[in-house]
Amino acid sequence: MTLKDYIGERAEQEVRTVIAYSLTLSNDGKKNLASTIRSEAIDSTSVIVSDLLNKIAVVIETGSTEE
């Protein structure tokens, strides 16, 4: 396993953890979490990371992976 593969797997696990956690939150909690994630996306210097964080925020708010 390469370092890139390892990092990708760990990132995927962490995203799943955040989304699972969001399922336990109230609607306001989900909105707050999504807002916090979007703030991090704005601060990110990486376009790829920013796009990923915004997609995670959408999943948290809508409960769907459909765009």
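**Side chains and salt bridges**

Me: What is the relative accessible area of Arg10?
Reply: Arg10 has a relative accessible area of 36%, which makes the residue partly exposed. The scale is: buried under 20%, exposed over 50%, partly exposed in between, with a 1.4 Å probe and protein chains only.

Me: What kind of model is this, and what goes into the values?
Reply: This is a predicted model: local features need pLDDT of at least 70, side-chain atom pairs count only at pLDDT 80 or more, and totals for chains, interfaces and linings use all residues. Residues are numbered from 1 along each chain as its sequence is written, and side-chain values use heavy atoms, with hydrogens and water left out.

Me: Back to Arg10. Which side chain does Arg10 meet in a salt bridge?
Reply: The partner is Glu14, at 3.2 Å from N to O. A salt bridge here is a side-chain nitrogen of Lys or Arg within 4 Å of a carboxyl oxygen of Asp or Glu.

Me: How far apart are Glu14 and Arg10 along the helix?
Reply: They are four residues apart in helix 1 (residues 3-22), which means a separation of about one helical turn. Helices are DSSP runs of H or I with at least four residues, numbered from the N terminus. Glu14 is partly exposed too, at 40% relative accessibility.

Me: How many salt bridges are there by this rule?
Reply: Four.

Me: What does Arg16 pair with?
Reply: Arg16 forms a salt bridge with Glu12, and their closest N and O atoms are 2.8 Å apart. Those two are also four residues apart in helix 1, about one helical turn. Arg16 is exposed at 55%, while Glu12 is partly exposed at 44%.

Me: Which residue does Asp51 bridge to?
Reply: Lys55, at 3.3 Å from N to O. Both sit in helix 3 (residues 47-62), four residues apart, which puts about one helical turn between them. Asp51 is partly exposed at 39%, and Lys55 is partly exposed at 39%.

Me: Change of topic. Which residues make up the largest nonpolar core?
Reply: It has six: Leu33, Ala34, Ile37, Ile56, Ala57 and Ile60. Helix 2 (27-43) and helix 3 each supply at least two residues of it. A nonpolar core is a set of buried Ala, Val, Leu, Ile, Met, Phe, Trp, Tyr and Cys residues joined through side-chain atoms within 4.5 Å.

Me: What does Ala57 touch, leaving aside its neighbours within four places in sequence?
Reply: Ala57 is in contact (heavy atoms within 4.5 Å) with Ala34, Ile37 and Arg38.
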